[in-house]
Amino acid sequence: MMESAIQNRDRFLDQIANRLGRERMIAHLERPKWKYRPQEEVLKNATQDELVDVLKEQCKKIHTSICITELKHLPAALNDVVSAYGGDPIITWKDERFSRWGLDSLLKVEWASYEWNPAKEEENIKLAEKANIGITICEITLAESGTVVLFTDKNKGRTVSFLPAAYIALIPKSSLVPRITQAAVKMREIYHTTGQVPSCINFITGPSNSADIELKLVVGVHGPVKAHYIVINDL
Amino acid sequence: MPMKIGSDEFKNRVDKGINDSFMRSAVASAQDGIGQRRQAAADELGNWEEWRSHGEEIRQHVLAHLDYYLEQLSENVAKRGGHVFFAQTKEEATEYIREIVQKKQAKKIVKSKSMVTEEIHLNAVLENEGCKVVETDLGEYILQVDDHEPPSHIIAPALHKNKEQVQEVFTKKLGYTKSSKPEELAWHARKMLREEYLSADIGMTGCNFAVAETGSICLVTNEGNADLVTALPKTLITVMGMERIVPTFEEMEVLVSLLTRSAVGQKLTSYITVFTGPRAVMEVDGPEDFHLVILDNGRSNILGGEFQSILQCIRCAACVNACPVYRHVGGHSYGSIYSGPIGAVLSPLLGGYDDYKELPYASTLCGACTEVCPVKIPLHQLLHKHREVMVEKEGKAPITEKLAMKAFGFGAASPALYKIGSKIAPTAMNPFTVGDKISSGPGPLKAWTEIREFPAPNKERFRDWFKNRAKEEHV
């Protein structure tokens, strides 16, 4: 049954075309020019500094703490947050930016910290599950909603941001955009330039939560219980 | 469970609902709380009507070109190494999934909340195969632990239960020993479910939006359960209703923005996951094997007909939260997993008039649902249309009733018209009113009043009365 990647398609789509009263559509369909574009108006013309202010304000609503730092103070800022969250064990992506941003002495010496390593396969997930804190770098940051956007690849496992008890996102200020609209445009650009999209793109907005019991908000359900954003001012 | 829940007659279900005082107060405070948050989120965004119009034009465009986008989606999923199965019936869908389960010799399946898998009765099929099926959404998990109770709300499935009831269920079934605090209950569920994610053979999800251009699937949650369901098990099966598709990421973001605001008043929920195919080479989390099941199950029969706009639905439940009838009878009264106005329109279409003939009448046609719908589905008009179809199909209705309905249809055709109509009605009807009845009405009412009396329009409109009453309830 699983020989072919696509099964039963023609009968299914013929029925749809038939109900719509026409032949199956074969010719390429251009993306429509929409009559309405309200999404482009949100935070239009905001400066990066204004976007940082919007992000800070939004963090209050999503149970997420935030601090702004210069790159040279990043190790101290990160150290403060890690201590506040109860310290190691820590898991991070394999990403040369950690080193470039001066975090080696913390990640490689000071803390019991594990760097994602595709060669170790399942071991990565076990260590992510045991870690107290997961740290990743954000590719796009959405000011309006307070969202960090993460792109998965072989060195950037999905579970680093989900399995540990706490999550810290490092945010270059230049990654801030008004809202998810700009992220969607960028994701399409990546697709059209490379012919690929990452196997997983995660939009994370604060810690995991649920209001399923009597609609009372509980922060920390399946994913992290706490979340902190560090905005790096000069990147 | 299948789309249909329980075998009680409509009247008995409603009786149960109306007499469940906890459920009714829970529903009322949920409606008020979520309703206010929805309104605040819409106001804060600004241009809300323009957003709704954009949502509507996207959904209408997709439905008009559905075969094209589904073909594009399936090509792109296959290109990324995924499998696509088009299922015209629920039996085809469950049989395909059952075969995967057998082939993988799966024993445990973790699921994130999905209405469409409820619709096709998937859990029962999998349990018949000897699998343990674990719902991971906290609300769904509570219901599952409590002997598979059906959901009563699209986005807050366990809304009808109080925390003491949850505590009792957990104590009895899960060896829980702590208090009825939601935090402690949720923490217990977290611990239990972590084990399940890590040991599951297959993950299963529904689909908020599929993206045709890239073959991606978008899932929206607050708990993060969909992320673990899609990241940990080796095999992932996603089931989507065939209409849940957008052309590109750019339309996806618009509908996600409308969905999260309309459903829970959030700008975005905590987790929005966009995955494309199975894991890439050298990646160690994410599924090795990905199957997308695209389901018709009666949807194509709605296409091209007078109910087509119901397929614009993005399952936000804003209509449920605005509905005065749902407020009083609760979700289980609808006898379908789809409750509220969306359920009253959709259930008869997917499940037939025999089982759901009362639902289109369980409505005041007040239009509150239509006003909040983020993709502008004319819900109350569709309810009215159901009544027309039933009357005409049954062929029993006197011509007088048809005329009266047509007249009402005109007056109720838009919330604005309805407002005006119901506001001027008491004055306009004065000359014909004796006590609180109209016995010889003018115009279209004449036909009606020839055979029966028509209640005189109330001086206080239902919508005003309802609004004021809601205020009084909370003083």
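## A strand inside chain A

Strands here are DSSP runs of type E with at least two residues, and helices are runs of H or I with at least four, both numbered from the N terminus. The two strands run parallel, with five bridges joining β5(A) to β8 (residues 166-172) of chain A; strands pair if DSSP finds at least two bridges between them. Strand β5(A) also runs parallel to β3 (residues 90-92) of chain A, to which three bridges join it. There, A:Ile91 stands opposite A:Gly134.

Is β5(A) buried or exposed? Five of its five residues are buried, so the strand is largely enclosed by the rest of the structure. A residue is buried if 20 or more other C-beta atoms lie within 10 Å of its own, exposed if 12 or fewer, and partly exposed in between, with C-beta atoms placed from the backbone. Both faces are covered: A:Ile133, A:Ile135 and A:Ile137 lie on one side, with A:Gly134 and A:Thr136 on the other.

## About the model

This is a predicted model, in which local features need pLDDT of at least 70 and side-chain atom pairs count only at pLDDT 80 or more, while totals for chains, interfaces and linings use all residues. Residues are numbered from 1 along each chain as its sequence is written, and chains are lettered from A and ligands numbered from 1 in the order in which they are written.

## Where the chains meet

The contact takes 70 residues from chain A and 81 residues from chain B; two residues are in contact if their C-beta atoms, placed from the backbone, lie within 7 Å. The chain A side has 33 nonpolar, 21 polar and 16 charged residues. Here Ala, Val, Leu, Ile, Met, Phe, Trp, Tyr, Cys and Pro count as nonpolar, Asp, Glu, Lys and Arg as charged, and the others, Gly among them, as polar.

Strand pairing crosses between the chains too: five bridges join β10(A) to β9 (residues 271-276) of chain B, and these strands run antiparallel.

## A sheet with strands from both chains

Next, follow an open sheet of seven strands, in the order β1(A)-β1(B)-β10(B)-β7(B)-β4(B)-β2(B)-β3(B), with parallel pairing. Its edge strands, each pairing on one side only, are β1 (6-7) of chain A and β3 (132-135) of chain B. Within the sheet, β2 (residues 108-111) and β4 (residues 202-205) of chain B pair over three bridges, and B:Lys111 has B:Met204 as its partner.
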